[in-house]
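Let's walk through this structure together, one element at a time. Keep the display at hand as you read.

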Amino acid sequence: MPVTVVEIQPTNVPVTGEWVGTLDGYVNAQIQPQASGYLIKQDYREGAQVSKGQVLFEIDPRPFQAALDQAEGQLNQAKGQVEQAQAQLGLAEINVNRDTPLAEAHAIARSTLDNDIQQKAQTQAAVESAKASVATAEAAVANARLNLGFTQVRSLITGVAGQATTQVGNLVNTQSVLTSVSQLDPIKAYFSISDSEYLSLTQRVRHGGGDLLKNAASVPLTLTLSNGEIYPRRGHIAFVDRQINSQTGAIRIAAVFPNPGNVLRPGEFGRVKAETEVRRNGLLIPQVAVQELQGMQQVYLAGADGKAHIATVTLGPQIGTNWLVEHGVSAGDKVITDNLQKLREGAPVAPHPGPPVAPTAQNVISAGK
């Protein structure tokens, strides 16, 4: 029977993993007010790009303005008390300077000078107390001015602002969430990989003389969108979680992808791919050559005796339209790829060569994905 055969040749096979990822903002900030009051204005357009420090909402400032005016009045009063105490201190110093030579000449009683000195000390204490009151009043003014500034609710980051969760006219407090702002360029993609895949990825990077994060550029990531398109910009690993989930046996990884124009949005799903290892001297066979019988994978080999022989194989990852074989065949074996239903063990065959197999990097898929 004429059959087509492919001679197995050892080659370096890149093996990649593919995982389902969820996109999220690089930084997500919940916008909450630091002052309580009635919301009187919304200053941004929902879904628009906002800048750090931009005013998003305004709270009724009148109670806070009144508190600031009161604090400033108390500050001015405290400053006046300082000036009054300093004037009294000046008078006490004059009395001491005048009575000191008179007391030494016994022109006045020594007790008069002692009273002057005591009065000076008391006045100095009054000046220090008045200065402390000024410092307290200045702190109260600063706090009141800060609270007045909090009536303008500003964005903490530059990003895309979401829908407002509170309407103008509502009473809000420091626990209210008014909206959220997300930095989308770059954007993060969270995905989980098994512990074995994590070890393979780590070992591959270590062979290059580094670690997974410092050599993240050596493990470029590709993102396939939900519509099947491959995102044109490659990403890298941002961080790896501190532990493996004992229930799922997986570890969480965050990847970062450039996102100019904010095309990608949080909540989207995609498939993240990364080359986990390069299998040295790997053996590839076409998928069409593999048959499954009672849970075992088998192929037909064209022997040197001109007959077909069955070989049971152990398959590894799927590489494009081929399988990476772990056990069961050797380099130089000729795998039959057609007329398989008509073959049996020991059937005479007339082999002719078919196209050779080769790994295709863009079609590499991790086993079981």
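Predicted model: local features only at pLDDT ≥ 70, side-chain atom pairs only at ≥ 80, totals over all residues.

Helices here are DSSP runs of H or I with at least four residues, numbered from the N terminus. Just after H1 comes His 106, whose phi is positive, at about 60 degrees.

Now turn to the strands, starting with E1 (residues 2-7). Its pairing with strand E19 (residues 350-353) is parallel and runs over 4 bridges; there, Val 5 has Pro 353 as its bridge partner. E1 also pairs with strand E18 (residues 334-336), this time in the antiparallel sense, over 3 bridges. In that pairing, Lys 334 of E18 stands opposite Glu 7.

Elsewhere you will find an open sheet of 4 strands, in the order E6-E5-E3-E8, with antiparallel pairing. Strands E6 (152-154) and E8 (171-172) stand at its edges; each has a single partner strand, so one side of each lacks a neighbour in the sheet. Within this sheet, E3 (residues 37-42) and E5 (residues 55-59) are joined by 3 bridges in the antiparallel sense, and Lys 41 finds its bridge partner in Glu 58 of E5. When you look at side chains along a strand, remember that in a regular strand they alternate between the two faces of the sheet.

Note on methods
Residues numbered from 1 in each chain as written. Heavy atoms only, no water. Helix = DSSP H or I, 4+ residues; strand = E, 2+ residues; numbered from the N terminus. Pairing = 2+ DSSP bridges.
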